[in-house]
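User: I'd like to learn how to read helix packing and chain interfaces in a structure like this one. Could you walk me through it?

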Amino acid sequence: MAIRERLSGNEAVAYAIKQVNPDVMPAFPITPSTEIPQYVANYIANGEIDTEFIHVESEHSAMSATIGASAAGARAITATSSCGMALMWEELYVAASNRLPIVLALVNRALSGPININADHSDSMGARDTGWIQIYAESNQEVYDNFIQAFPIAEDKRVHLPVMVCQDGFITSHGVENILLVEDDKVKGFVGEYQPEHYLLHPEEKMALGPYAVSNYYMETKRAQRQAMIQAREVILETAARFEEMTGRKYGFFEEYRMEDAEYAVVIIGSAAGTCKAAIDEIRNTTGTKAGLIKIRVFRPFPEDEIAKALSGVKAVAIMDRSEMFSATSGPLGAEVRAALYQAHSSVEAVNYFYGLGGRDITVSDFKTVYGNLETIAQTHVVTGMYEYIGLRSEQSKEV
Amino acid sequence: MANEKIYDRINEQSPWQDITEGNKIFEAATSKDFCTGEWRTATPVWDKGKCKQCLLCTPVCPDSSIPVTAGKREEFDYDHCKGCGICAKVCPFGAIGMREGK
């Protein structure tokens with residue numbers, strides 16, 4: 001039987017770390033992820049796990065030490081947020097190109113500036129091209145479940161890529177929710193004993209890692225790395241199926257909420273999906289408008305074909321970005337989803353909104369406005385409000 | 001094969017499928033096989049007649065390209081000498097000259 005608990009998102013991740021008992025965790029504190037290494041340090045101090053905790057002087061060192069430990073043959077993890085991950089930037093690429101199965105607990109927080117400690121996705125979205133697998137969560141339960149699944153995904157021979165397990169800062173990281181924990185022995189069985197094939201401390205095998213690769217080798221190396229990301233797709237789904245067998249909780253590349261007959265859809269990432277679901281229920285119970293939601297779980301690799309297929313029956317879709325990328329056009333999710341629709345020769349009307357930057361609230365009422373806009377767009381075939389901000393103060397009377 | 005080198009297996013003609021995962025190299029001391037001497041734009045020339053075998057040149061060579069056997073220096077290792085000219089500067093007897101080019 002699962003263990004019923006109530007935990008914050010940070011507590012849930014720390015608890016999963018305790019259950020996995022990784023070999024090494026170098027970490028440096030940064031809001032709102034600080035609690036994760038703090039709880040892990042407690043577990044270690046209490047003798048509950050034997051993880052080697054490395055106190056480092058910065059996040060640059062945290063990721064460097066995690067890479068070193070992983071290359072040496074250890075199951076290595078770390079946790080960070082926002083500017084902390086920005087300081088890891090160079091190492092994020094190194095971890096991925098060295099094909100190290102590191103797991104990073106990322107608590108999403110806006111990047112400076114202006115300095116801000118609240119949730120948005122600018123940190124992980126900025127890192128979307130680093131070669132890491134990215135898995136996002138709506139709730140504490142999901143971040144716990146995703147964290148456990150991250151190890152078999154990262155460590156699978158077809159993948160060997162680092163995984164970033166993301167949750168929204170404060171909203172889930174500090175919000176306490178009911179949660180179903182998996183028993184220790186089941187978690188241990190699920191992730192298995194880490195047995196790398198090639199590693200630097202191998203007593204019999206000579207190996208060098210991370211050599212200089214001139215232009216005669218770089219492109220082939222990157223293509224091989226892409227192949228791992230392509231293969232990650234099947235491994236993510238296989239791992240989810242195995243997790244469902246163990247817990248009954250179903251995961252995929254994304255969750256479809258009331259999409260069976262949906263005419264108007266929102267595509268979103270993270271905790272705001274819960275608010276959107278509440279709006280959908282209200283809309284369907286009042287006006288009867290067929291509203292639905294696609295909540296992205298896996299952003300890297302990007303499930304291009306699957307999303308286009310899931311949106312094939314809708315009249316209009318709003319793609320909601322919780323980070324800017326200053327293309328002066330779309331946000332990152334907007335660009336990806338619209339590219340997927342274009343590749344599928346879809347003629348669905350698509351609009352891209354920004355919301356929740358730096359922790360700005362988004363409400364049920366905001367989502368109702370979004371679905372109202374989608375109905376208008378579907379009727380008029382005039383996409384109004386492209387790239388607009390939801391909940392923005394403006395001199396214009398109507399922003400959304 | 002005992003004498004097989006890493007570049008016999010992976011080289012500039014290898015397709016991407018043959019590149020090892022993360023560019024891992026399953027061999028030690030492979031820098032010997034990387035002929036950095038190709039980078040040279042000036043070449044030291046050893047005048048054996050003037051050389052007194054004082055061995056001041058050997059320890060200053062940044063690329064360990066002046067081999068010594070039984071207390072005597074030998075010909076330059078041109079596979080790895082980058083032509084920096086420190087040996088020529090340090091030689092008290094003018095036994096090392098620098099020639100332009102490889």
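This is a predicted model: local features need pLDDT of at least 70, side-chain atom pairs count only at pLDDT 80 or more; totals for chains, interfaces and linings use all residues.

User: How do I read the size of the interface?

Analyst: The size of an interface is often given as the accessible area lost when the parts come together. Here, chain A and chain B bury about 1,600 Å² between them, with 65% of it on carbon and sulfur atoms. On the chain A side, A:Lys206, A:Tyr217 and A:Glu220 supply 29% of the area buried against chain B, more than any other three residues. In terms of contacts, 20 residues of chain A touch 15 residues of chain B.

User: Now the helices. At what angle do α1(A) and α7(A) cross?

Analyst: Helix α1 (residues 9-20) and helix α7 (residues 140-155), both of chain A, cross at roughly 30 degrees, and their axes come within 8 Å. Angles under 35 degrees count as roughly parallel, so α1(A) and α7(A) are roughly parallel to each other. The crossing of α1(A) past α7(A) is right-handed.

User: Which residues make that contact?

Analyst: From α1(A) come A:Gly9, A:Ala12, A:Val13, A:Tyr15, A:Ala16, A:Ile17, A:Gln19 and A:Val20, while α7(A) brings A:Asn140, A:Val143, A:Tyr144, A:Phe147, A:Ile148 and A:Phe151.

User: How is α7(A) placed against α9(A)?

Analyst: α7(A) and helix α9 (residues 215-247) of chain A pack at about 125 degrees, and their axes are 10 Å apart. That angle is why α7(A) and α9(A) are oblique to each other. Again the crossing is right-handed, with α7(A) passing α9(A). On the α7(A) side you'll find A:Asp145, A:Ile148, A:Gln149, A:Pro152 and A:Ile153, which meet A:Val235, A:Ile236, A:Thr239, A:Ala240, A:Arg242 and A:Phe243 in α9(A). The tally for α7(A) with α9(A) is seven nonpolar, two polar and two charged.

User: And what about α10(A) and α13(A): how do their axes cross?

Analyst: Helix α10 (residues 272-286) and helix α13 (residues 364-380) of chain A cross at roughly 65 degrees, their axes coming within 8 Å. α10(A) passes α13(A) in a right-handed crossing. Among the residues in contact are A:Cys276 and A:Glu282 of α10(A), along with A:Phe367 and A:Lys368 of α13(A). This contact of α10(A) with α13(A) divides into nine nonpolar, one polar and two charged residues.

User: Let's turn to the backbone. Where are the cis peptide bonds you'd point out?

Analyst: One joins A:Thr31 and A:Pro32, with omega about 0 degrees. A:Pro32 sits in the loop between β2 (24-27) and α2 (35-45) of chain A. Another runs from A:Ser112 to A:Gly113, where omega is near -5 degrees. A:Gly113 is in the loop between β5 (103-108) and α6 (122-126) of chain A.

User: Which residue in chain B has a positive phi although it is not a glycine?

Analyst: That's B:Ala29, with a phi of about 55 degrees. B:Ala29 lies in the loop between α1 (6-9) and β1 (42-46) of chain B.

Conventions. Residues are numbered from 1 along each chain as its sequence is written. Chains are lettered from A and ligands numbered from 1 in the order in which they are written. Side-chain values use heavy atoms; hydrogens and water are left out. Axes are lines fitted to C-alpha atoms, for helices over the stretch in contact, and angles run from 0 to 180 degrees between N-to-C directions. Helices (H or I, at least four residues) and strands (E, at least two) are DSSP runs, numbered from the N terminus. Angles under 35 degrees count as roughly parallel, over 145 as roughly antiparallel, 65 to 115 as roughly perpendicular and the rest as oblique. A crossing is left-handed if the near helix is turned anticlockwise from the far one by less than a right angle, and right-handed if clockwise. Contact means heavy atoms within 4.5 Å. Buried area is the accessible area (1.4 Å probe) that two parts lose on being put together, summed over both. Ala, Val, Leu, Ile, Met, Phe, Trp, Tyr, Cys and Pro count as nonpolar, Asp, Glu, Lys and Arg as charged, and the others, Gly among them, as polar.
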